[in-house]
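Please look over the model shown here and go through the notes that follow it.

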Amino acid sequence: MSKQSYFEIFELPARLRIDTVALEKQFYALSRRLHPDRFAARPAAEQEAALAQSSQLNDAYRTLKDPVQRTQYLLALEGVEMEEQSRAATDAARAAGEQKKQIVPPELLEEVFELNMQLAEMRAAKEMGEDEPELRRDLMTAKDAFDAKMVEAQTELESQWEAWDSAADSGDDAGKARAKDAMVALLNRRSYLRNLVRDVNDALGL
Amino acid sequence: MAYSDKVVDHYNNPRNVGTLDKSASEVGTGLVGAPECGDVMRLQIRVNPETNVIEDAKFKTFGCGSAIASSSLATEWVKGKTIDEALAISNTDIVKELALPPVKIHCSVLAEDAIRAAIGDWKKKNSVAETTPVAVAAH
């Protein structure tokens, strides 16, 4: 059996805007078909195969249901392993004998570094025992700003889904490549923002 | 996951945390990041223009224990070295010294990137011709 992609399991085209209600329905229908009760009287090999398929179906559903995981999965199908970017850049630079290019644009690194510095200062002040309303207010302001940036990144990501889907529909490879790069950049930005949100919540005791 | 004693030591007592004057001509700044973990690392060096020896190094890293330990160790190692000697530091040296597990090797790569970026920045500021030594390090 050739390995199906998660999209293929659900008989969906590899697109990012998907009907999640239909996805859920399809998931339950397929799950029923693979239910162990239906295989109780079958040979062990068939039971095992159904179990394996069922587990793959669960993975596929969990991945496609979640917008960020879905995007990461599609990018992986397109050859971009988000978790391997740094390593890939290092390998490419070494193979070419060139200085490694940072995968994150300097502006984002500057911004993230600066935000982390501000947050670190607030956290240090808190640890010093300062528990003034002013400090808490600063942290809340920072939290609101990070949350807003997260929402913004999400909105931008969704607009790239649209760009990807329509480029894929019309076979526009250049458009697909543009959307792909933009999605990678947005997911990277999101991963930094997620840490900032986590840290500010932590400082606020949320 | 258990950190090695050396990682814990650098994490609890990071060496050379701080900032050098970014605008000074003898200071090189490297800012690098690994988006996979949301790490961001700044490493700065102050180079003696007569001797090309790195006389001071500072870092600030936001990230996991291994990223902090890797950059802390990197500042210790570059101090007292010439620019060329510092460029010879490879991530595998850091991995060995800190006994980093495979999943944390990218932290050492980031520290190596930071050293190179800082030196690159210093060279650019001082119009030193950019050579690109090819590191032969494994992950």
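Helix 7 (residues 133-169) of chain A packs against helix 8 (residues 173-204) of chain A at an angle of about 160 degrees, and their axes lie 9 Å apart. The axes are lines fitted to C-alpha atoms, for helices over the stretch in contact, with angles running from 0 to 180 degrees between N-to-C directions. The model is predicted: local features need pLDDT of at least 70 and side-chain atom pairs count only at pLDDT 80 or more, while totals for chains, interfaces and linings use all residues. Residues are numbered from 1 along each chain as its sequence is written, and chains are lettered from A and ligands numbered from 1 in the order in which they are written.

**Helix 7 and helix 8**
- Helix 7 of chain A and helix 8 of chain A are therefore roughly antiparallel to each other (angles over 145 degrees count as such).
- The crossing of helix 7 of chain A past helix 8 of chain A is left-handed, meaning that the near helix is turned anticlockwise from the far one by less than a right angle.
- The contact between helix 7 and helix 8 of chain A has 20 nonpolar, 3 polar and 7 charged residues. Ala, Val, Leu, Ile, Met, Phe, Trp, Tyr, Cys and Pro count as nonpolar, Asp, Glu, Lys and Arg as charged, and the others, Gly among them, as polar.

**Fold and dimensions of chain A**
- Chain A has 8 helices and 0 strands (DSSP runs, H or I of at least four residues for helices and E of at least two for strands, numbered from the N terminus).
- Chain A has a radius of gyration of 22 Å, whereas a compact globule of 206 residues would have one near 17 Å. The radius is taken over C-alpha atoms, and the globule rule is 2.2 Å times the number of residues to the power 0.38.
- The C-alpha trace of chain A spans about 70 × 45 × 35 Å along its principal axes.

**Domains of chain A**
- Chain A is divided into domain 1 (6-65) and domain 2 (103-204), with bounds from an automatic or database domain assignment.
- The centres of domain 1 and domain 2 of chain A, taken over C-alpha atoms, are 34 Å apart.
- Domain 1 of chain A gives 4 residues to the contact and domain 2 of chain A gives 5 residues; residues are in contact if their C-beta atoms, placed from the backbone, lie within 7 Å.

**Interface of chain A with chain B**
- The contact takes 25 residues from chain A and 19 residues from chain B.
- Helix 6 of chain A supplies the largest share of the chain A side, 6 residues.
- The side of chain A that touches chain B has 8 nonpolar, 10 polar and 7 charged residues.

How values were computed. Contact = placed C-beta atoms within 7 Å. Parallel < 35°, antiparallel > 145°, perpendicular 65-115°, else oblique.
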